[in-house]
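Dear colleague,

My findings follow after it.

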Amino acid sequence: MARAVIDPVTRIEGHLRVECEVTDGVVKDAWVSGTLYRGMETVMLDRQPEDAFYVTQRICGVCPISHSHASSMSTEAALGIEIPNNARLIRNLLEAAQFLHSHILWFYTLAALDFVSPINALSANIADTYALAQAAGTRVADFGAIAKRLTAFAENGQLSFLGGHYWDHPGYVLPPELDLIATAHYLEALEMQAVANEVVAVIGGKFPHPMTSVPGGTAFVPTEQKLDDILFRFTRLKDFIDTALIPDTLAIAPFILETTTYGGGCGNFLSWGVFDSADRDPYNRFLPRGFVTGGLTAEEVGPDDVTEYVEHSWYDSASGLNPAKGETSVNFDEYNVDNKYSYGKAARCKEKPAEVGPLARMVAAYVYEAGGKTLVEDTSVRTPKALIDLTLEALGVAGKPEVLVSLLGRIAARNLEAAYVVDLALMWVNELVGAIKGGDSSYFKARESFDGQGAGLWEAPRGSVGHWIDIKNNKIQGYQVVAPTTWDIAPRDAAGVAGPMEQALIGAPVFDVERPLEMLRIAHSFDP
Amino acid sequence: MAHEGHNALHDLLTVRGVTRRDFLKYCGSIAAALGMSETMAPQIAAALEGAPKLMPTLWLNGGSCTGCTESIAQVDSPDVATIVLDYLSTNYFETIMAAAGEQAEKQIEETIAEGGYIVIYEGSVMTGQDGNTLLVAGKKGTEILSEAARGAAAVIAVGSCAVDGGWVYGYPNPAEATGVQAWLNHEGITTPVVNLPTCPVNPEWIVAMVVQLLLVADRDVAAFVEKTEWVTRSYTDRKYGAVDLLMPKGIFGQSIHDNCPRRGHFENGEFVTEFGSKEEAMGYCLYKVGCKGPQTFTNCPVVRWNRRTSWCVEAGSPCIGCGGLNWVDNNSPFFHRLADMQMGDALGNVQPGSVGAVVGGVAAAALVAHGLGMKAAGRVGDGPPMEEMKKYDRKRLAKKGGDK
């Protein structure tokens, strides 16, 4: 028996510690700890609801748009505002840009280095690299120049951000040519995630922390030029997703198929739903709302189904509260896995731990589609079920969607979701152009009320995000946020049930407790 | 070409297909960001091309949202900006580094032991719960900062959180956040701190500072401080008292209002009064919906954001003044314009430009210079009809039942 610890878990947003008890090379128990407390919910008190839109998105510099949308939606729910249709489309486009930015950045910059070794890429044969890229249907780059640059980097003796890592770990199994392709795309992905954020800048002024999805609609009024700028960039992103992100995923997967055998986790999947349709019904969102706890059915779920426990978290506020009545009173105690060990609260849905994120959304969408629901009328859009079925077939496991509930499944789901979202984005640009041509010039609805309570339930790239607001006389009396990562990195609850990431770690193999690569991969797969 | 084939930069430029013309153009934009004449571009280019080895850098994340890291990832790539950043050897950078856990922590220890490095600090300094509100590898975040800063050649505090605690410092500051300079003062650490506020930081400013420190000043911190023009902003931290912040004048010496492309509409009295309206479509001034441009001192309208794609005001949002100090408390409610702060009544009938200077805490000399600048641009005159606006505000507030 040994303890394997990763602290800090790098290549994430925020501060995270993962500790596992490992016996005979297998994780027997796991504790995941959020090690930063900032207190946004308390800072928001006594301010005006619009201020929450601007400030609360600063919880997360990777998914500020999703937080800002959840915040504005909570205010709109509280004050009874339905935003204009043009604002709905503009918010969908902004959110889509956020998803594409985040998913591309996650796969190449944050997660890939758990599988791809740029050091191993140094021994790639350049001709073979071109041949492999062609065979895999993935895009080519100037592989020779990139190899030369990598070599210069390595020979300089300063490995910079690649330094100190265990590149000789036997878990790095890709052929050097594939490592070189992925490294080339790592560099290109830096460009593409920035292109996605240029869309954010066009609509919202800047990324991170865009400025225009104010409660009531949007402050952005598109011009023909701006719409063209947006369309051009989504077209570039679609090209990259189709010729790099998806083929790279399929090229790497066969080498790491053993990752379909672990890392699955709690098996309960929550999606609040994201990307509003014209009728604003959360069950008709393009990625619909649902709670899947096994089998091919999705339950209805809403804000009242959430509870947060603090028995194992560094708070002395009451435990088991719904966020509408939530409290946040921080009280650090020592780090003790048998008692309190995290600033994360244990969020539970219908009293169960719930995984959130692309896998959860794609599972929910798959279940709905399998039940005969049409997610999108436009047949040029590749839907979640079609994308998943094609992938299962490519990996030789056709008809076995349960394979998705694994480490590899969580990785693949994120990249497949990007393919669906970019198709939707192109569709919405055209829809917006049509609406404007048709004379619709409404973008914002001023509020008429100054009191109310509401919840904004939405999805960030990394999972379900909820903001709860209580407004009296135009002042915020109560504000609670259940962020995506709160769900996934949840510690144990009152009953001692482990959180989703903890459950995903339990049962995973660990080849070397001093260099726990498998644990790092599982933590990253949640994009915490 | 004098530098042909003989240095790392030339190779990098060639590999990435950047022409010399593009390169000089970029050096010109760096010069502009530093407040120098664009005719300095050749000197900057020469300094860049003569650069020696990589400068060891520790990028530390305090109580951050990682937004400043995200922001730096938005520079042009592959382009000259990333090449400039290639001059840094980022030995520790939690968000992008391959290593994790123990292996990552070793990178910090080794870099500190070797010395001659800079620290880039992102996020608030977390002092709450006796420093336990941020733990990394079981260590308090405050201890990590102190250890790294003590031996550093310089610290660059990026983003509002690192500068003065940012939104985390917002009342009642439950996590007892503070800024890097305030914390280092408290610890008696005298390493120079360069402050780059806004939320997040604009990556072009980091590039400009890196160029200035590594290349124009040849990594000599004393020369860097001497060769850069600074403004000093002062504020009082509720826990740590008076703090003076050093900021590069080229970036933080002019108000947003002065450089705003919508400024002409302000002069003409053409305002947006509701979001997403006809007036917005015509690009009118956002002052009446709360724009904090007059009191906020950054060159956002010039440098813009996300590879010069746009910026807040261009997209239709009022500036919320995230480049100011304690911006969440001082500038909210964000939709209420400056007149609501009663600054005009307290100081007599002053124009937004000079109110901005006072709120921004700029020294009196800067205020004079600013006023002269306004005059030279022919912008002072009688100014816009402030009293009418205040009347309008009062009426609007009474009608909508809102309060401050």
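Helices are taken here as DSSP runs of type H or I with at least four residues, numbered from the N terminus. Please note that the model is a predicted one.

On that basis, A:A490 belongs to the loop that joins α12 (484-488) to α13 (500-505) in chain A. The relative accessible area of A:A490 is 0%, so this residue is buried. Once neighbours within four places in sequence are set aside, the contacts of A:A490 are A:K345, A:A346, A:A347, A:R348, A:T485, A:G499, A:P500 and A:E502. A:V513 lies 23 residues from A:A490 along the chain, and the C-alpha atoms of the two are 23 Å apart.

The axes of α9 (residues 358-370) and α11 (residues 407-437) of chain A approach within 8 Å, with a crossing angle of roughly 75°. Because angles from 65 to 115 degrees count as roughly perpendicular, that term applies to α9(A) and α11(A). On the α9(A) side, the contact is formed by A:P358, A:L359, A:R361 and A:M362, while α11(A) contributes A:G409, A:R410, A:A413, A:R414, A:L416 and A:E417.

Turning to aromatic pairs, the count over all chains is 29. In the pair A:F107 and A:Y108, the ring centres are 4.9 Å apart and the planes meet at 80°, so the arrangement is edge-to-face. A:F107 is buried, at 8% relative accessible area, and A:Y108 is buried as well, at 1%. In chain B, the rings of B:F266 and B:F271 are likewise edge-to-face, with 6.0 Å between centres and 90° between planes. B:F266 has a relative accessible area of 2% and is buried; B:F271, at 10%, is also buried.

Finally, a cluster linked by ring pairs includes residues from both chain A and chain B: A:F53, A:Y54 and A:F444 together with B:F275, B:W327, B:F334 and B:F335.

With kind regards

Notes. Residues numbered from 1 in each chain as written. Chains lettered and ligands numbered in written order. Predicted model: local features only at pLDDT ≥ 70, side-chain atom pairs only at ≥ 80, totals over all residues. Heavy atoms only, no water. Axes fitted to C-alpha atoms, helices over the stretch in contact; angles between N-to-C directions. Helix = DSSP H or I, 4+ residues; strand = E, 2+ residues; numbered from the N terminus. Parallel < 35°, antiparallel > 145°, perpendicular 65-115°, else oblique. Contact = heavy atoms within 4.5 Å. Phe/Tyr/Trp six-rings, centres within 6.5 Å; stacked < 30°, edge-to-face > 60°. Buried < 20%, exposed > 50% of the residue type's maximum accessible area, 1.4 Å probe, protein only.
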